[in-house]
Every structure is written in structure tokens, then in C-alpha cells.
Amino acid sequence: MLVSLKWLSQYVDLQGLEAEDLAEKITRSGIEVEGVHHLSKGIKKIMVGQIKEIKKHPDSDHLNICQVDFGEDELSQIVCGAPNVAEGQKIVAVRPNGYVGGKKIKKGKLRGEVSNGMICSLQELGIEGKVVPKKYADGIYVLPEETPVGMDAIKALGLDDVILELGLTPNRSDAMSMLGVAYEVAAILSEEIKLPETAHEESAQKAEEVLKVRVEAKDVNPMYTAKVVKNVKIGESPLWLQQRLMAAGVRPLNNVVDITNYILMEYGQPLHAFDYDALGTGEIVVRLAKEGEPIKTLDGQDRVLNAKNLVITNGKEPVAVAGVMGGYDSEVTDKTTTVVIESAYFDGLTVRYTAKDLGLRSEASARYEKGVDPNRVIPAAERAAQLLAEIAGGEVLSGAVVFDELDKTPAKVVVSPDFVNSRLGMKISLNEMVTILTRLKFDVETANGLLYIDAPTRRQDIKIEEDIVEEIARLYGYDEIPATVPVGESKAGGLNAYQAKRRLIHHQLQGSGLYQALTYSLTSDELSQKYALETAPTTRLLMPMSEERSTLRQSILPHLIESVTYNVSRQQDSVALYEIGSVFLGETEEGLPREESHLAAVMTGNWLNNAWQGEHKKVDFFVLKGILESLFAKLDLTTRITYETAVVDGLHPGRTANILLDGKRIGFLGQLHPAEQKANGLKETYVMELNLEEIIAASIEPLVYVPVPRFPSISRDIALIVDRTTKAADLEATIRNAGGKLLKEVNVFDLYEGEKMELGKKSVAFTLTYFTPERTLTDEEVVAAHDKVVAALTESGAELR
Amino acid sequence: MAMIEQLTQLKEEVIEKITATENIKQLNEVRVAYLGKKGPITDLLKGMGKLPVEERPKMGALVNEVRAEVQHIHDVRKATLEEQAIQEQLEKEAIDVTLPGRPVKVANAHPLTRVIEEIEDLFISMGYEVAEGPEVEKDYYNFEALNLPKGHPARDMQDTFYISEEILMRTHTSPVQARTMEKKQGASFKIICPGKVFRRDNDDATHSHQFTQIEGLVVGENIRMSDLKGTLDIFAKKMFGEDREIRLRPSFFPFTEPSVEMDISCFKCGGEGCNVCKHTGWIEILGAGMVHPNVLSMAGYDPKKVSGFAFGMGPERIAMLKYGVDDIRHFYTNDVRFLSQFHRTEE
Ligand SMILES: [Zn+2]
């Protein structure tokens with residue numbers, strides 16, 4: 001909402017107030033002022049002049065040399081390129097050394113001809129092109145004939161004004177009108193408000209004699225009034241009216257349309273003007289549209305209506321979409337003489353849905369959607385009639401054609417001052433509360449220590465006690481509220497067990513050298529199931545903004561791999577990222593997708609890069625596995641996690657493992673398939689993803705100290721030749737099974753599968769550690785245990801080296 | 001006395017040799033050559049049998065005296081050479097201490113996580129619990145339970161990704177508040193709700209279709225607006241500096257009444273006016289208010305007996321303000337050169 005302070009001061013005394021101070025007051029007490037625009041900013045020395053004589057520029061086919069009268073002894077020569085320049089025009093010019101748009105205009109020569117300044121268009125004077133009257137959109141602005149030459153053009157154009165740009169929240173639709181803003185400002189300043197005059201003469205003929213109104217859709221149109229004005233002379237609006245509209249961001253059109261727009265701005269009540277003769281039937285019928293019914297709206301578009309849309313008809317066919325836009329065929333034109341002014345109350349939701357259906361949001365629909373003041377429907381129509389008489393020379397038929405079943409009673413709220421104070425934590429007296437509500441022009445009575453309030457119908461947002469609390473607080477001032485903290489029982493706060501473990505996992509992974517990444521949950525249909533841990537239906541948006549963000553992810557990896565590619569293609573060759581986030585699988589009984597928290601990681605490039613000491617370690621399967629193992633150790637899962645060779649789409653078939661918890665698959669790790677690496681512009685890259693909820697839910701044993709060994713342990717190495725496909729984990733299991741109680745540790749210390757090996761064989765060497773906490777082991781005990789291990793291994797087909 | 005002369009000569013000779021040694025090895029050779037069992041001193045002692053009996057003790061004492069003296073000089077020389085050897089060893093082992101150390105890989109949290117954890121911890125210290133909820137929500141929890149019935153004009157404020165008529169991507173973390181109230185069944189509580197939220201926005205420098213929010217909710221008997229103000233004051237000072245001031249401005253949210261927006265005095269210029277605060281001295285940080293009675297009663301609380309306050313903010317905005325990040329897309333690009341800047345600690 002753009003508020004001209006000159007316009008506003010018609011209703012409230014703003015004398016002696018700086019615009020910035022007023023803006024601050026308005027912001028602090030309720031409505032945010034998002035901008036303060038001084039219209040004369042960057043403009044100096046502009047003057048009204050009259051073009052006395054025009055000559056073609058000898059060296060140009062579009063420039064004219066104008067002799068301009070500024071009421072001085074001599075005419076001033078100004079070269080002008082505007083196509084609409086003509087002798088006799090009253091124009092606005094910047095004089096030499098004046099400014100427009102903050103730029104200085106000097107005396108100069110244009111293609112050899114002296115030019116003392118510049119004749120201006122409205123755009124050059126800082127007025128937005130979209131509100132400049134069409135007639136002057138591509139040329140200089142022409143003032144009315146009666147404007148005196150030599151006058152300061154800032155005054156003549158009404159640029160001695162300041163516009164406040166209000167950022168309105170949806171509850172404050174009352175401030176979508178100048179009068180609404182005036183009530184607000186008057187309350188803030190403790191001033192009185194002057195309402196506009198609507199009195200006008202009316203002819204003997206009654207409006208009812210020429211027009212009938214019938215409302216069929218009463219529940220969505222409880223009030224419809226029409227005034228009829230005859231002998232209207234369509235023309236340009238007076239300057240003051242055009243200036244008001246331009247200041248409010250509306251383009252002046254002709255006097256009738258301008259008047260309806262002016263009243264829309266002044267009262268917040270949308271009006272529509274019909275050409276009475278074009279209606280053709282002397283009748284207005286309001287009803288719901290028929291499914292598929294066509295209408296050509298005044299923007300020239302052919303539109304198709306549905307049965308939920310409310311239309312104004314002439315009894316035969318739609319002539320307007322109620323509250324949204326008028327029809328093309330009943331529009332006021334230059335030839336119109338009799339005008340029907342509609343002022344009505346349409347249901348907000350109906351207008352909202354219709355505007356949405358037609359993709360048509362207008363100043364009118366915006367106001368209906370949020371609810372107009374039931375008590376302004378009639379005054380707005382009367383005000384329009386008054387202005388039509390005054391400005392367009394119209395003859396107002398007496399009375400109005402009215403259908404009215406609208407409830408106009410104000411909302412009644414009863415509040416106790418204690419309630420207000422207990423909600424705010426303040427001690428405001430009853431009298432102070434009454435004063436504030438009176439400033440807001442609420443009707444207040446007090447009885448039994450309670451406030452009985454009739455909220456004015458313009459304030460549709462006031463319904464309950466809490467609304468009154470807010471009104472009192474905002475005008476009393478939020479600065480006056482003390483700062484306290486909640487009293488009463490207090491419990492220790494904290495993370496729950498799940499959250500605490502998740503944080504631990506974050507910190508562990510970061511400490512392992514992986515940066516935490518955040519990627520989008522929405523992805524393409526194509527990527528949504530890639531690398532998913534399970535097969536489940538996907539969840540897709542009804543109306544995606546793009547195919548790229550249309551479907552919820554079932555795996556974190558695709559986007560995380562993209563992030564790694566992003567880095568690698570920017571010379572970051574070594575990248576390690578992880579992400580913890582939700583994936584979305586199938587559907588639960590509630591109808592929502594099952595959200596599962598996953599952990600994913602991607603690593604590529606060098607893991608260790610210590611150039612000057614010549615240490616380089618490329619990321620490989622075991623780097624990533626080692627990071628996971630230390631995470632599992634932290635979570636007390638070491639003995640419960642196992643790995644098995646796996647095949648996962650998109651991963652290297654020989655370098656991929658399933659991760660199992662208590663034998664159940666919870667995730668995988670492996671190298672990206674070389675083809676995937678190539679497609680993503682990556683070198684050797686390792687990835688993993690697992691179900692985080694499973695590893696967090698796995699219980700952790702209490703931590704109990706184990707005595708530090710007092711007796712030495714004894715180690716034996718054993719080297720085995722086995723098939724290349726034999727798994728170290730299987731060998732270890734054989735060893736552990738055979739080793740008995742004394743065998744404490746089994747560690748791989750060597751792996752060889754080179755040339756010296758028979759084809760298809762490899763050598764794996766283990767260190768076995770024997771230990772008992774009770775005593776020093778004897779050789780015999782160790783030999784006995786170790787022999788069993790060797791026997792078991794031999795039996796399993798391993799060959800001792 | 002040929003033998004005495006011989007002894008003196010021998011002594012001078014051996015001392016000269018010992019002094020000339022340059023390392024322990026040479027010294028050992030000299031020692032073996034002169035003081036060993038086959039050395040000239042031993043020979044001299046052996047040759048004493050040829051002397052008259054009365055001269056033997058005197059001569060024996062003299063030889064032993066020389067032997068002791070030589071031994072002493074040898075020992076001193078040995079100590080010197082050993083010391084010298086150690087020095088040489090140390091010199092050889094000297095390193096360039098200015099060379100870089102062996103890298104230890106440690107990464108860090110995403111800046112949004114950093115901000116969220118900081119806020120979580122602050123409110124946890126004030127007795128709050130952390131509550132979370134689904135990112136895909138029912139229209140009911142996202143809107144209706146928050147006093148935003150279908151067709152409410154305020155639904156325009158949040159353009160929504162719908163999945164079906166009743167299911168959507170949550171547009172704020174407030175549904176967690178609605179769910180928590182429903183679960184707590186009338187009990188008083190304090191929660192903070194961080195999470196991802198989604199809006200139909202084109203991604204640009206200031207908009208992101210996915211972003212994060214963190215909201216707080218306190219419900220109980222006699223919760224006052226002054227409690228909200230005091231709580232936000234603590235938050236502002238802890239998060240943005242002890243000398244921060246806050247101010248509340250009236251605003252509108254369908255789920256609170258009264259509703260306010262909180263500004264803090266600019267932490268960059270202290271209120272004088274600068275680019276960060278757009279020359280107003282104040283920076284808008286969050287929205288807040290007293291829980292709307294409709295929201296309370298829909299969750300089964302009696303708004304006559306129980307009241308509450310709620311607040312919500314955007315970690316992206318806070319991170320952008322705090323760290324001067326100029327483009328919201330940085331948070332979702334995961335450029336390591338960006339992420340790694342949030343490694344170090346701050347005062
Ligand atoms: Zn500042």
C-alpha cells in the first residue's frame with residue numbers, strides 16, 4: 001500500500017511531523033513502513049512554461065527547437081525530441097543548472113542549437129512508467145491550460161509529497177485504504193479524523209425506475225447496491241485526481257474509471273462502473289456462473305467460468321466477474337453517457353478462488369479476499385456519485401438500488417483488565433486501556449471492572465480477547481513490557497538419547513576428516529531411487545517447479561556425489577563429504593511417506609597428502625571402511641557389524657560390501673562403478689550409505705572397566721596360502737572357533753597375491769595373541785591351542801606357508 | 001739409567017699420540033698399542049727382572065706412576081672425544097623446524113548445523129527439549145492446527161509444495177509444535193524445534209526452495225509476553241553479544257496473538273547505521289508471539305488456563321548475518337572452500 005502524505009493529511013492533521021518520524025511511529029505501533037519516498041528527491045529548478053513557437057531542428061528529423069515562456073522578459077530556447085510537443089502546451093522544464101533524477105542539466109547545445117534546459121516527461125521526473133497516463137507515456141507531460149507559467153513545477157505536479165510504502169500483513173486489510181490508514185495514524189497521534197464529504201444533489205428521477213437488481217447467490221453476495229448517474233461527460237480527470245492515483249500506483253484512465261479507483265483507494269471498497277446502455281436490459285442479476293460459461297473481460301481476454309465463480313449479469317449473460325474484473329462489452333467508453341456504479345459485498349473466499357481460477361489478481365479482488373467493511377458499501381457509492389457529479393458533470397438519480405441482507409453488527413468483545421495484564425506481564429490501568437481503545441475509535445464501556453468493546457466493522461481482525469490485548473499492547477508500546485523469564489516448575493532440558501547419539505556421530509565423522517554437507521531432499525524422478533537401500537514407491541509433488549526437483553529422494557548419495565563433482569571440477573581433487581538426512585520411502589498408514597534418517601559419505605582423491613615427506617595415500621575401500629569401523633567402535637557395535645561381498649547398482653561389483661548389523665543389512669559401502677565415475681567426472685571414488693536409525697537404536701552395553709593385564713601375552717604368527725576368493729573374515733572365524741578361550745586377538749598382518757604365488761592363490765598372514773588374565777601361559781598350553789588352530793585351518797583347505 | 005730415560009721417552013710419546021687422536025676409534029688403537037698386554041709399558045715391566053733387586057721396587061713404582069698418568073690423560077681425552085661425538089651426532093640430526101607438520105585430517109560441521117547447535121545448546125541450558133518431526137506433513141498440522149484453515153488469506157504468505165490435497169512439504173517447523181502439544185496432553189513444556197522446510201521459490205541469492213528453521217515454544221500456566229521478551233533478550237545477548245539490545249515490533253502470524261517481530265541492535269555498527277542494518281541500526285532476527293487460543297484449544301489445552309509463547313527464526317539468515325555470507329545458495333552447494341571456513345572457534 002502506497003500512502004501519499006498529502007492525501008492522508010486530508011483526513012488527519014500531520015502538521016509539524018517529519019515523514020521519517022511518522023514512519024517510525026507507524027512501524028513501531030503496528031504496520032511496517034518499508035519505504036519512505038520523497039517524490040521531489042533529486043529534482044531541482046523545474047518550472048511550468050508555455051511553448052510559444054516551434055521550429056524543426058535543421059540538423060535533425062526528430063528534434064524541435066522550442067521557444068518557451070516562463071513568465072520572464074525573454075523566451076527561453078529549449079531543444080526537445082518528444083514526438084508530442086506542440087505549440088501552446090503548458091509543459092514542465094528543468095531550467096539550466098537544475099536537476100532531475102539527481103543529474104544536473106546544464107545549458108548546452110544539441111546538434112549546434114542552444115538548449116536552455118530540458119522539457120520533461122513524467123518518467124524523467126521519477127514517476128513509474130506503468131502509472132503514467134497512456135497519452136503521455138511516450139512523450140512529455142502536458143499540464144492543464146490554466147496552470148500558470150513560471151510556477152514551481154514541483155508544486156504544480158504535486159511532487160512536494162512523500163509516499164510511505166506500507167508492508168501490510170494479511171490481518172490488516174483495514175489499512176488497504178486511505179481512510180483505514182487515517183484511523184491508524186489518528187490513533188497513534190491521538191488526533192481526530194475528518195471523513196470525506198459525500199453530500200451531492202440528486203435529480204427527481206429515482207435510480208430504481210431505470211434499474212432492477214436481483215441477487216440469486218445471496219450467501220456469497222449478501223449486499224449489492226447500484227447508483228445511476230446520467231449525462232456523464234467522459235474525459236481526462238482533473239490534475240489533483242490524477243496525481244492522487246499516480247501517487248497510489250494507479251494509472252489514470254478517464255474520469256469515471258479514475259473515480260472508481262480513487263474510491264477503492266480512499267474507502268477500500270471496490271466499485272465497478274458499467275455503461276448503462278451497454279447493459280441493455282436495465283437489469284442486474286447476480287448469480288453463480290454456469291460451468292463453462294464464457295466471458296470476455298475488459299482486458300480483452302476470453303475466459304471460461306466454472307460453477308463456483310460469481311458473476312454479474314444483465315439477466316442474460318455475464319457482464320462482470322464479481323469482485324475480480326469487469327466485462328469487455330459493458331465497459332465505460334468515451335461514448336458512455338449513463339453510468340451504473342456498483343458497490344457490493346462479495347464473499348472473500350469466492351473471490352479468492354475465482355481470482356485464482358482465472359489467474360487474475362486485482363486491487364479489487366485483493367480487498368474482497370481479505371474482507372471489506374460492510375459499513376462502507378453505501379458511503380463509497382455515495383462518494384462516487386458525488387465525484388461523478390462534481391468532476392464528470394453527471395446527474396445523479398435519486399437513491400440507490402439496494403439489495404441488503406448483510407449483517408453489519410460490530411464484533412463484541414468483553415475483556416478483563418487482569419486478563420490483558422496477565423498475558424502481557426504488565427500493570428496497565430483500566431483507564432489507560434479505555435483511552436487507547438478510544439483513540440482507535442473502538443466503542444468501549446466499562447462495567448463491573450470489565451471492558452465491553454464494540455470493534456468497528458472496518459477492523460475485521462478484531463474478534464477475541466487476545467486481539468484486544470494486542471491492540472492495547474501495540475499502542476501502549478512494546479518497549480514498556482518488562483523482560484522476565486517463565487516462572488514455575490523447571491525441568492532440566494537436553495537432547496534425547498537419539499539426538500545425543502546423532503550429534504556424537506556427526507562429531508566423530510568430522511573428526512575423521514569428512515565435511516558435513518547439506519543437499520536437497522527433492523530430486524528428479526530418475527535419481528530418486530538410485531542407490532536406495534530398499535525398493536519402495538516414491539513420493540512425487542503434485543505440481544513440481546521443475547523435473548529436477550519433483551520427487552523426494554530415497555538415497556542421499558546422488559546429490560552428495562554431485563557435490564563432490566562440483567568440488568572436483570573446481571580443482572578440489574581430494575574431497576570427503578558426509579550427510580545425515582531423511583529419505584522418503586513408500587507410505588505409512590497415516591498417508592505420509594516413511595521418513596528414514598540415513599548417513600551417506602563420499603570420498604575421492606588423496607586421503608593423506610604430505611608432499612614434502614613423500615607420503616601420499618589415495619582414498620581406497622579400506623580408508624572408508626576404517627572410518628566406519630571407528631564409528632562402529634564408538635557405538636559399541638564392533639562385534640555386531642559384519643561385511644559381505646555385495647552387488648549394488650552403480651557400484652564396482654568386486655569392491656562393494658553390504659554392512660550388516662546382527663546379520664541384517666543396514667547399508668553398503670564400495671567404489672563407484674568406473675562407468676559412474678566417468679559419468680560424474682570423478683576418479684576413484686568411494687561411497688557408503690546406511691540406515692542411521694538402526695545404528696542409533698542398537699543398544700550400547702554399560703561401560704565396565706576390565707583390569708589391565710598383569711601377565712604377559714604370547715603371540716604366534718601363521719601364514720596361509722588360500723584361494724584368492726577366500727575371505728579373511730572366514731579365515732578369522734575358523735581361527736577364533738578353534739583357538740578356544742586363550743585366544744584373545746587375531747590380526748591380519750600381511751597379504752600377498754603377487755607373481756610368486758600360484759595363479760588363483762594368495763597368502764594371508766595372521767598374528768594370534770594368546771592370553772589369560774589369571775597367570776602366565778605355559779608353552780604347552782599355547783602349543784596345544786595353536787595346534788588346534790592349525791588343524792582347523794588345514795581342514796578348511798588352507799595351506800601353511 | 002737407560003730404563004728411566006726409556007720410560008720418560010715412552011711417556012712423552014704416548015701422551016703425544018693420545019692428544020693427537022680425533023675419535024674414539026683412534027684413541028682405542030692408541031690405548032691397545034701402548035697400554036695393552038703387548039704394549040711397551042707391559043714390556044718394560046716384564047724387563048724389570050734384569051734389574052738389580054734393590055732397584056726393582058723404585059722402578060716398579062715409577063712405571064705404575066707413568067701408567068696411571070697416561071691412563072688419566074687417556075680418560076680425559078676419551079671424555080672429550082665422546083662429547084665431541086655427541087655434538088656431531090646432534091648437529092647431523094638437526095632439522096628445519098619451519099617445515100610444515102604432518103597433516104591431521106579433521107573436518108567440521110556445516111555452518112547451518114553450527115548455528116543450530118549453538119541455538120539448541122543455549123535453549124537447552126534454559127530447560128528446553130529438542131523436538132523434531134517429519135518433513136512431509138499433513139495439511140492439518142502444517143496449517144489447520146495452526147489457525148490457518150483452508151482458504152485463509154495468510155496461506156498466501158507461504159507457497160507450498162503439495163504432494164496430495166492433504167499432504168505437503170512442511171513450510172515451517174511449526175507442525176512440530178502442533179504435534180508436540182497434542183502429545184503432551186495438557187502438560188506444560190518448553191521445546192525448540194530445528195529442521196528443514198520447503199517453499200515454492202526459485203533458488204537465487206536470497207531464496208531457496210529448501211532451507212532451515214528453528215522454532216521455540218513454551219506452554220504453561222501464566223506464561224506472559226514479558227517472559228517472551230526476557231527469553232529473547234537472553235538469546236540475543238548470548239548469540240550476538242552482551243551489549244545487544246532488542247526491540248519488539250507488532251506483526252502478524254496466524255498462530256500467535258499478539259504477534260511481534262524482534263529486531264536486535266546492529267552488532268556491526270552498534271546502532272549507528274551501516275550496510276548490515278541498512279542504516280537503521282536494527283536488524284530483524286525473528287518472529288514471535290503469544291500462542292493463539294485457537295491453536296491451544298485445537299491441541300486440547302484450555303486457553304483460559306494455559307498460555308504460551310512461540311518464536312521462530314532462520315538459521316540461514318543468522319549465518320548470513322553473523323558470518324557475512326552473501327548468497328544463500330552457498331549453504332547447499334557444499335563447496336569445500338566454503339565449508340572449511342567454519343572450522344575454527346569464535347569468542
Ligand atoms: Zn549497522
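This is a predicted model: local features need pLDDT of at least 70, side-chain atom pairs count only at pLDDT 80 or more; totals for chains, interfaces and linings use all residues.
Student: Why is C66(A) in no disulfide?

Tutor: The nearest cysteine sulfur, that of C80(A), is 5.1 Å away.

Student: What makes C66(A) count as buried or exposed?

Tutor: Its relative accessible area is 0%. Buried means under 20%, so C66(A) is buried.

Student: And how do you know which class C266(B) belongs to?

Tutor: The cut-off again: under 20% is buried. C266(B) has a relative accessible area of 0%, so C266(B) is buried.

Student: Now the sheet of chain B. What is its strand order?

Tutor: The order is 1-4-5-9-8-7-6, with seven strands in an open sheet. The pairing is mixed.

Student: Why are strand 1 and strand 6 of chain B called edge strands?

Tutor: Strand 1 (129-130) and strand 6 (246-253) each pair on one side only.

Student: How do you know that strand 5 and strand 9 of chain B pair?

Tutor: Pairing takes at least two bridges. Eight bridges join strand 5 (residues 210-221) to strand 9 (residues 306-313), so the two strands pair. They run antiparallel. The bridge partner of V219(B) in strand 9 is G308(B).

Student: What lies across strand 6 and strand 7 of chain B?

Tutor: Helix 14 (residues 465-476) of chain A does. The helix runs at about 30 degrees to strand 7 (256-265) of chain B.

Student: How is chain B divided?

Tutor: Into domain 1 (2-93) and domain 2 (111-342). Their centres, taken over C-alpha atoms, are separated by 92 Å.

Methods: Residues are numbered from 1 along each chain as its sequence is written. Chains are lettered from A and ligands numbered from 1 in the order in which they are written. Side-chain values use heavy atoms; hydrogens and water are left out. Helices (H or I, at least four residues) and strands (E, at least two) are DSSP runs, numbered from the N terminus. Contact means heavy atoms within 4.5 Å. Axes are lines fitted to C-alpha atoms, for helices over the stretch in contact, and angles run from 0 to 180 degrees between N-to-C directions. Domain bounds come from an automatic or database domain assignment. A disulfide is a pair of cysteine sulfur atoms within 2.5 Å. Buried means under 20% relative accessible area, exposed over 50%, partly exposed in between (1.4 Å probe, protein chains only).
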